[in-house]
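Work through the exercises below with the model open. Each task is followed by a stepwise solution.

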Amino acid sequence: MKRLSLHDTLSRERQEIFPSDGEVFRFYCCGPTVYGPAHIGNFRTFLVQDLLRRVVELSGIQTCHVRNITDVDDKTIRESQAAGVSLAEFTAGWTALFHEDAQALNVLQPHVEPGAVHHIPEQVALIEALLAGGNAYRSDDGSVYFRVSSYAPYGRLSRLDRRELKAGAGESANDADEYDKDNVSDFVLWKTRKPADGDNFWDSPWGEGRPGWHLECSAMGMKYLGESFDLHAGGVDLCFPHHENEIAQSEAATGKTFARHWFHNEHLMVDGSKMSKSLGNLYTLADIVERGFGPGELRYALLAGACRTKINFSMARLQEARGNLERLAAFIANLGGALQDYGELCSLAASGRLDAGPFLPVWEALLEDLNTPAALGQLFTALKPLEKAAAAGALKADEMDAARTGLAMIVHAFGWLIPEVAGAGGDSVDIPADITQMAEQRWRAKQDKNWEEADRLRDELAASGWVIKDTSGGYEVERNRA
RNA sequence: GGCGAGGUAGCAAAGUGGUAAUGCGCUGGUUUGCAAAACCGGUAUUCGCGGGUUCGAUUCCCGCCCUCGCCUCCA
């Protein structure tokens, strides 16, 4: 089967993705810092990574997916103290919400989800190796820094060769952390204990303190995936300094290539600028649900844009997602029979018997750098003649099977949550009695050809948020979703 | 200032050295008492601006304008 090819940040070329050991594709994703609810911009990243994993798995390759939880840093410590609870209790709560949201969005749970707090010894060991190799040094206050000048390839990923601060922005960037560094670009591996840390410190050969942020991903990635693994992913903002530093500290310690490929997705924008906690222009999943949309619609909308292109978020996108998902649902209902489940498709793929059938162009678009907009274009192109044939009952059994399997493959690759089609299950929304009554009155007026009264009642229903759809010999009442 | 991404129809968004997918919207038609829904059709001689290369450029090269991101915690 054809392989996925992805744009690699390091080489800036599109490269084929495959497991270096020939068996399991091992990849690491930078996960959330759990100090509040993740916003939908965070989820765009996890959704893109989920898409990546699904495409790899549906092409018949087993994966090992590691995504960390950052459960100790300045923010988690500060916020837990503000909340008056222990760091562990504080991060556990936000981690639980993250899991809930991710599950609602149909994001596959990673195979390993390590937390920094549980991997202090691994991080300490990594620092020891760096100190031994002359890549790190201790400062007078007990912190340990990575010496950037000791790692020649530093800066390859972000192509920021000169670590110069923006003119004029330097003075206020201050940071008490920085005064002990030999060089401004050096970064902290171990932060010495400060009063503000409260109970949150650990023992180390250099005294009490806590690991620097970049360290956890190196230590945990290498622990679960090996010193060298297939791919490392994250949002574009992590390119520098986070990933640059990860590469430096990992490769300086092991002498091996840390990650073979680097995959960065673009940000989600709102009102033309980056969604971020500091700007206050963020939405959480709960905000979306409050506005009457579901996680399935959010998932569709966030994956409809190309992974490496900024997308501007709006309710119109969710509305569009709704329409397209309903169209798919209607077609699937017409096909009859249930779509295969994800596991079943993965086994078929592993044995080389999975076939996208009439949806092959859709699948191929996904294999080309996860080009979801092109894939959607192909999807609707392929769908149109099939919809027509299915509606006319003109599809033969084998054609229906091929369409069902092919579409299942696409649906699972995107991880779409297909809505229940009204009427198919018979369990539609509860319609209030007064609405039913009004609709009935309107129907009788219509039968009497009392158009004026019938239209008046229809308008009244519309004003209450219900829409009448006349069918041959009857009518239906539906919630007005516009 | 340095590095990077991008400017394609009303909106969203692919794409290619040979005259522009797709979704929404809009619009004409079928249907309907009229609508809604559904279905059928139409909807960029043109791809930020100006040059150049070429038989031919939206696609390659040069310059310019604009937007956004990173260079500081950040998905």
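## Exercise 1: A hairpin

E14 and E15 form a hairpin with two residues between them, and in the turn Gly 473 has a positive phi of about 85 degrees. The model is a predicted one.

**Task.** Find the sense in which strand E14 and strand E15 pair, and how many bridges they share.

**Solution.** 
1. Locate the strands: E14 covers residues 466-471 and E15 covers residues 474-479.
2. Read the pairing: E14 and E15 run antiparallel, over six bridges.

## Exercise 2: An open sheet

**Task.** Give the strand order of the open sheet of three strands. Then state which strands stand at the edges.

**Solution.** 
1. The order is E12-E11-E13, and the pairing is mixed.
2. Strand E12 (273-274) and strand E13 (311-313) each have a single partner strand, so they are the edges, and one side of each lacks a neighbour in the sheet.
3. Strand E11 (residues 268-270) pairs with E13 in the parallel sense, over three bridges.
4. Within this pair, Met 269 lies opposite Asn 312 of E13.

## Exercise 3: Cysteines

**Task.** How many disulfides does a search of the whole structure find? Examine Cys 217 and Cys 346.

**Solution.** 
1. The search of the whole structure returns zero disulfides.
2. Take Cys 217: the closest cysteine sulfur is in Cys 30, at 3.9 Å. A disulfide requires sulfur atoms within 2.5 Å. The Cys 217 sulfur is therefore too far away for a bond.
3. Take Cys 346: this residue is in no disulfide, and the nearest cysteine sulfur, that of Cys 64, is 15 Å away.
4. Cys 217 is buried at 1%. Cys 346, at 17%, also counts as buried.

## Exercise 4: Nonpolar cores

**Task.** Which residues have the most contacts inside the largest nonpolar core, and how many residues does that core have?

**Solution.** 
1. The largest nonpolar core has 83 residues.
2. Phe 313, Phe 359, Trp 363, Leu 379 and Trp 416 have the most contacts inside it.
3. Helix H1 (residues 40-58) gives the most to this core, with 10 residues.
4. Domain 1 (5-166 + 174-265) and domain 2 (273-414) each supply at least three residues to this core.
5. Another core lies apart from it, with 36 residues, including Tyr 28, Val 148, Phe 229 and Leu 238.
6. Return to Leu 379: leaving out residues up to four places away in sequence, Leu 379 touches Leu 328, Phe 359, Val 362, Leu 407, Ile 410 and Trp 416.

Note on methods. Residues are numbered from 1 along each chain as its sequence is written. Chains are lettered from A and ligands numbered from 1 in the order in which they are written. This is a predicted model: local features need pLDDT of at least 70, side-chain atom pairs count only at pLDDT 80 or more; totals for chains, interfaces and linings use all residues. Side-chain values use heavy atoms; hydrogens and water are left out. Two strands pair if DSSP finds at least two bridges between them. Helices (H or I, at least four residues) and strands (E, at least two) are DSSP runs, numbered from the N terminus. Buried means under 20% relative accessible area, exposed over 50%, partly exposed in between (1.4 Å probe, protein chains only). A nonpolar core is a set of buried Ala, Val, Leu, Ile, Met, Phe, Trp, Tyr and Cys residues joined through side-chain atoms within 4.5 Å. Domain bounds come from an automatic or database domain assignment. Contact means heavy atoms within 4.5 Å.
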